[in-house]
Amino acid sequence: MKAVRVKFKNLGKKYYFSVNNKERLADGDKVVVNTIRGLELGFVVGDVFNLQGIDADMELKDIVRKATNEDIKHYEQNKAMEPKIIEDTKRLSKKNNLEIKILGAEYTLDSSKLIIYFEAEGRVDFRELVKDLAEIYRTRIELRQVGSRDGAKAFGGIGPCGLIVCCQTFITEFNNVSVKMAKNQNLSLNPVKISGNCGKLLCCINYEDELYTELRKNAPEVGDIVTDEHGDAKILSVDVLNKTVKVKYLENDGFGFLKPGEFEIKERKRDRNKNKEVAKDATGLE
């Protein structure tokens, strides 16, 4: 099956659509496609390719047609109306005493549906707002509540690194980020330091997690007992990037920094914990 990737926004997610053999498409072409929301105008990303492997079993919607001049004109007219729609929605939301942030608005290509995106804390009863908007625009209105990450992407700003936030420069879809990843990279668990403008964990924590996970596979762990020419020591911290461990010597309370080859692991913390669990199960003691 021949397919092509299509996006609808500059930093939007890319979707697969099937291409018939008669359609000649190239990177950057404007196309009309049928989505769950209705007819939309999208932009081809890359060249046409053959779906293979697991992807070959996907059920794809077809490209309706290459966008005509009339399609492009209608699309641009819809885009030109968006600022006024946003202002009207803000005004009417205040009228209905709704505490929501209006992030954006967009028509489907045939103007059969108007989608308005907003952010709010908790659920919102926006039925009266929909009625007010329908009286003005005389089309089907859909208000869609999005998460704080999408809200931050709409407003943009500067991240803690001093650069424009990633979600406005190259991120097309958000991946899961967890506190476990922050721990894996020895980052401070202070929420202020590891949270972005959206209030969620920084997306960039996800970037290097795979590398840290790989480096930790053969690295010693905090709590392991090692030995070198100065005697036995307990590992206090592990710097996997610089391949250095900080240790506290058990005999003289001294400290040191060691690299691989300068010490041997005498006892692993996880083995000690395992032995404790076995002993507890054997005795039945807590």
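**Close-up views of a predicted model**

View 1. V6 stands opposite Y15 in β2. Please keep in mind as you look around that this model is predicted. The pairing of β1 (residues 2–7) with β2 is antiparallel and runs over 4 bridges.

**View 2. Five strands form an open sheet.** Follow the strands across and you will read the order β2-β1-β4-β3-β5, paired in the antiparallel sense. Strands of a sheet are held in pairs by backbone hydrogen bonds, in either a parallel or an antiparallel arrangement. At the edges are β2 (15–18) and β5 (63–66), each of which pairs on one side only. On average, and ignoring direction, neighbouring strands here are turned by 45 degrees against each other.

**View 3. Helix α1 packs on the sheet.**

**View 4. The largest nonpolar core has 17 residues.** Which of them touch the most other members? They are I85, I100, L114, I116, L129, L133 and L143. Two or more residues of this core come from each of α1 (69–95), β6 (101–107), β7 (113–119), α2 (127–137) and β8 (140–145). Another core lies apart from this one; its 12 residues include A219, V226, A233 and I235.

**View 5. A closer look at I100 and its contacts.** Leaving aside residues up to four places away in sequence, I100 touches S93, F118, E119, A120, V124 and L129.

Technical notes: Residues numbered from 1 in each chain as written. Predicted model: local features only at pLDDT ≥ 70, side-chain atom pairs only at ≥ 80, totals over all residues. Heavy atoms only, no water. Core = buried A, V, L, I, M, F, W, Y, C linked by side-chain atoms within 4.5 Å. Buried < 20%, exposed > 50% of the residue type's maximum accessible area, 1.4 Å probe, protein only. Contact = heavy atoms within 4.5 Å. Pairing = 2+ DSSP bridges. Axes fitted to C-alpha atoms, helices over the stretch in contact; angles between N-to-C directions.
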